Amino acid sequence: MDRIEISRRTFVGTAGTLAAGALLALAGCGNGGSSSAAGGAGTGSAASSASSTSASAASASSSAPASKSLIVLWSWSGNTLKMAERVSELSGAEIYRIEAADPYPEDYDACADRAKQKQDDGTYPAIANPVADWGSYDTVFMGYPIWWYELPMIVQGFVRDHDWTGKTVVPFNSHEGSGDGGTYDDLREMTGATVLDGIAIRGGDVSSSLDKIDEWYAGLSL
Ligand SMILES: Cc1cc2nc3c(=O)[nH]c(=O)nc-3n(C[C@H](O)[C@H](O)[C@H](O)COP(=O)(O)O)c2cc1C
């Protein structure tokens, strides 16, 4: 409860001093996020929305079964997408970008209203592109922005609809003051899986903080 109150004050402070449009600019918004920057809009498979090639070929010669990783991403305005692209470069994992069946509005206020409404109602937006071959992944990177101090409802819905048995979850997120908002602990509780320590970066700082992602990634016990 404490962490929510602290996060709430910080974000409200940010939001209160900035017009919605300015916050949007800070957040790097400008695209409603309904299309897949990874190039696989609406195609429904992780492979088709990949932004990089899989590392599986590199481990093909090993006698141990290849460990397979996937980056699950929700990004409305592109900040977390930039983080995901770095994680993909580092890990060789493909990016599966969640797409809402009913795309979120491009307008910040309208998006914020819809997000709040879903949270208040406790409803999970339908996902347009189911992930392919879920069972084959051992490690799942989870990238998302903080929305209203929490995991966006569409991400919560994704988490609830998938079996996390035996998987290692590696979260990363962007925000505008809430940090991780307690979402790494939430993911631990929701998945029951091993959830490693994530990295949280302010949306406007992502481009200049890629070295922090490199350091964080190097320190993961994967
Ligand atoms: C609907 C909505 C709600 C948000 N709520 C919060 C919040 O509670 N705390 C916070 O720090 N940032 C909040 N933000 C800011 C985003 O977390 C931040 O801009 C993030 O970098 C956006 O990531 P994206 O570009 O990948 O969508 C919110 C943004 C939106 C659109």
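**The ligand shell and the fold around it**

In this predicted model, helix 3, helix 4 and strand 4 (168-175) each contribute at least two residues to the shell around the ligand.

Reader: Which helix gives the most residues to the shell around the ligand?
Author: The shell consists of 22 residues, with S75, S77, T80, Y149 and S174 the closest. At least two shell residues come from each of helix 3, helix 4 and strand 4. The greatest contribution, three residues, is that of helix 4.

Reader: How do the residues of the shell divide into nonpolar, polar and charged?
Author: The 22 residues around the ligand include S75, S77 and Y149. The shell as a whole comprises eleven nonpolar residues, ten polar residues and one charged residue.

Reader: How much of the ligand's own surface does the protein bury?
Author: Oxygen atoms of the ligand lie 2.5 Å from a polar side-chain atom of S77, 2.7 Å from a polar backbone atom of N79 and 2.8 Å from a polar backbone atom of I146. Taken alone, the ligand exposes 640 Å², and the buried share of that area is 99%.

Reader: Which residues of helix 5 are buried?
Author: Helix 5 (residues 153-160) is mostly covered, with seven of its eight residues buried. These buried residues pack against strand 1 (69-73), strand 2 (94-97), helix 4 (108-121), strand 3 (139-145) and helix 6 (183-191). The buried residues are M153, I154, V155, Q156, G157, F158 and V159.

Reader: What pattern does the chain follow along the sequence?
Author: The chain holds seven helices and six strands. Among contacts with a separation of 6 or more, 80% join residues 24 or more positions apart. Read along the sequence, the pattern is α-α-β-α-β-α-β-α-β-α-β-β-α.

Reader: What percentage of the accessible surface of the chain belongs to carbon and sulfur atoms?
Author: Of the 222 residues in the chain, 45% are buried. The accessible surface of the chain comes to about 10000 Å². The share belonging to carbon and sulfur atoms is 49%.

Notes
Residues are numbered from 1 along each chain as its sequence is written. This is a predicted model: local features need pLDDT of at least 70, side-chain atom pairs count only at pLDDT 80 or more; totals for chains, interfaces and linings use all residues. Side-chain values use heavy atoms; hydrogens and water are left out. Buried means under 20% relative accessible area, exposed over 50%, partly exposed in between (1.4 Å probe, protein chains only). Helices (H or I, at least four residues) and strands (E, at least two) are DSSP runs, numbered from the N terminus. Contact means heavy atoms within 4.5 Å. Accessible areas come from the Shrake-Rupley method with a 1.4 Å probe; for residues, only the protein chains shown count as cover. A residue is near a molecule or strand if one of its heavy atoms lies within 4 Å of it. A polar contact is a pair of N or O atoms within 3.5 Å; within protein, one must be able to donate a hydrogen and the other to accept it, and residues adjacent in sequence count only if both atoms are side-chain atoms. Ala, Val, Leu, Ile, Met, Phe, Trp, Tyr, Cys and Pro count as nonpolar, Asp, Glu, Lys and Arg as charged, and the others, Gly among them, as polar.
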